[in-house]
Amino acid sequence: MGEFWPVPDVLAYLSGRWRVRRSVRDLTSGDEGDFSGTTVFGPLPEGGLLHAESGTFTWQGVPRPAERTLRFLPGAAPGTADVRFADGRPFHDLDLTSGHHVTDHPCSADLYRGEFTVLDGDQWRTVWRVGGPAKDLVLSTGYLRVG
């Protein structure tokens with residue numbers, strides 16, 4: 001498997017606190033931005049994890065507070081997750097049993113294609129490529145376990 005680190009249970013692996021660094025590149029304009037903060041995956045009463053991300057997003061030299069919330073619910077197969085937006089709408093599936101996963105999320109006329117890679121027990125990354133009439137972006141995020 002080389003660079004991939006298999007994860008038998010994605011929810012158990014993600015549980016806890018992570019340091020986050022994200023770069024955002026607009027391929028049309030050439031603009032670049034950066035997010036730095038933390039993500040906490042905490043238990044949901046009904047099962048699964050609440051993903052709470054907060055930090056600072058800097059775009060065109062202007063820093064702003066930024067946050068997002070997702071729900072990581074148990075997936076259809078053991079060890080996988082069904083990722084949903086905070087309001088319950090579907091986002092994407094997540095299966096890291098091989099240490100690597102590619103998934104899609106259509107958003108209006110744009111398509112988000114996400115690639116998830118687990119590097120080891122304390123590091124993973126995502127790369128989202130967003131293409132369509134409204135967006136042409138690459139979002140690359142690194143996660144490092146804290147504590």
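Ala-52 touches Thr-38, Thr-39, Val-40 and Arg-68, leaving aside residues up to four places away in sequence; contact means heavy atoms within 4.5 Å. The model is predicted: local features need pLDDT of at least 70, side-chain atom pairs count only at pLDDT 80 or more, and totals for chains, interfaces and linings use all residues. Residues are numbered from 1 along each chain as its sequence is written, and side-chain values use heavy atoms, with hydrogens and water left out.

Ala-52 lies in strand β3 (residues 49-59). Strands (E, at least two residues) and helices (H or I, at least four) are DSSP runs, numbered from the N terminus. Ala-52 is partly exposed, at 33% relative accessibility. On this scale, buried means under 20% relative accessible area, exposed means over 50%, and partly exposed lies in between (1.4 Å probe, protein chains only). Ala-52 and Arg-68 are 16 residues apart in sequence, yet their C-alpha atoms are 6.1 Å apart in space.

Strand β3 pairs with strand β4 (residues 62-74) in the antiparallel sense, over 11 bridges. Two strands pair if DSSP finds at least two bridges between them. Gly-55 has Ala-66 in β4 as its bridge partner. Both strands belong to an open sheet of 10 strands with antiparallel pairing, in the order β6-β5-β4-β3-β2-β1-β10-β9-β8-β7. Its edge strands, β6 and β7 (100-107), each pair on one side only. The twist averages 20 degrees from one strand to the next. For this value, axes are lines fitted to C-alpha atoms (for helices, over the stretch in contact), and angles run from 0 to 180 degrees between N-to-C directions.

Arg-84 stands opposite Pro-90 in β6. The hairpin of β5 and β6 has 4 residues between the strands, and Gly-88 takes a positive phi near 95 degrees there. His-92 is found in β6 (residues 90-94). His-92 is buried, with a relative accessible area of 6%. Its contacts beyond four places in sequence are Ala-81, Asp-82, Val-83, Thr-103, Asp-104, Phe-116 and Trp-128.

The largest nonpolar core has 26 residues, and Leu-14, Phe-72, Leu-94 and Trp-124 have the most contacts inside it. Helix α1 (residues 10-14) supplies the largest share of this core, 4 residues. Such a core is a set of buried Ala, Val, Leu, Ile, Met, Phe, Trp, Tyr and Cys residues joined through side-chain atoms within 4.5 Å. Beyond four places in sequence, Phe-72 touches residues including Leu-11, Leu-14, Phe-41 and Leu-94.
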